Amino acid sequence: PNSALTDVYAALDVNPKTTSTPSSNTRVTSVATDWLSVGSIIIPNFGDYTDNFIELLSGGAVTDYAAWSDGRYNIPQPFCANQAVVQSNPGVVH
């Protein structure tokens, strides 16, 4: 609560049919953004400027893509990352 340092995390292999908390989160960003030092005309300067996409490949492979607004260069910039997802229950997409 005393900082504006933020990162983006992903909870992988989440089953939307349950109410349990994910067992782990994966950090997506490689650098935390201090939104108090980022210059921007966007109001509010920080928000949920994120998106994700899941690609299903042949053989059941899954890749998760994430995009977010990052202020590491002192101005909001679009960043993206992707990660192969190993499912605990192959054949069921969560």
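Predicted model: local features only at pLDDT ≥ 70, side-chain atom pairs only at ≥ 80, totals over all residues.
**Entry: finding Asp64.** I started with Asp64 and found it in strand S6, which covers residues 62-70.

**Entry: burial and charge.** Is Asp64 buried or exposed? Its relative accessible area is 13%, and the cut-off for buried is under 20%, so I noted Asp64 as buried. I also looked for a salt bridge, but Asp64 has none. Arg27 is the nearest side chain of opposite charge, and it is 15 Å away.

**Entry: neighbours.** Next I looked up what Asp64 touches, leaving aside residues up to four places away in sequence. Its contacts include Leu12, Asn52, Phe53 and Ile54, and also Ala81, Asn82, Gln83 and Val85. I checked Ala84 too: its C-alpha atom is 6.3 Å from that of Asp64, though the two residues are 20 apart along the chain.

**Entry: the S5 side.** Strand S5 takes in residues 50-56 and pairs with S6 in the antiparallel sense, over 7 bridges. Here I found Leu56 opposite Val62 of S6. S5 and S6 form a hairpin with 5 residues between them, and in its turn Gly59 has a positive phi of about 80°.

**Entry: the S7 side.** How many bridges join S6 to strand S7? I noted 9, with S6 and S7 (residues 77-85) running antiparallel. Ser69 stands opposite Pro78 in S7. The hairpin of S6 and S7 has 6 residues between the strands, and Asn74 takes a positive phi near 70° there.

Conventions:
Residues numbered from 1 in each chain as written. Heavy atoms only, no water. Helix = DSSP H or I, 4+ residues; strand = E, 2+ residues; numbered from the N terminus. Buried < 20%, exposed > 50% of the residue type's maximum accessible area, 1.4 Å probe, protein only. Lys, Arg positive; Asp, Glu negative; His and termini not counted. Salt bridge = Lys/Arg side-chain N within 4 Å of Asp/Glu carboxyl O. Contact = heavy atoms within 4.5 Å. Pairing = 2+ DSSP bridges.
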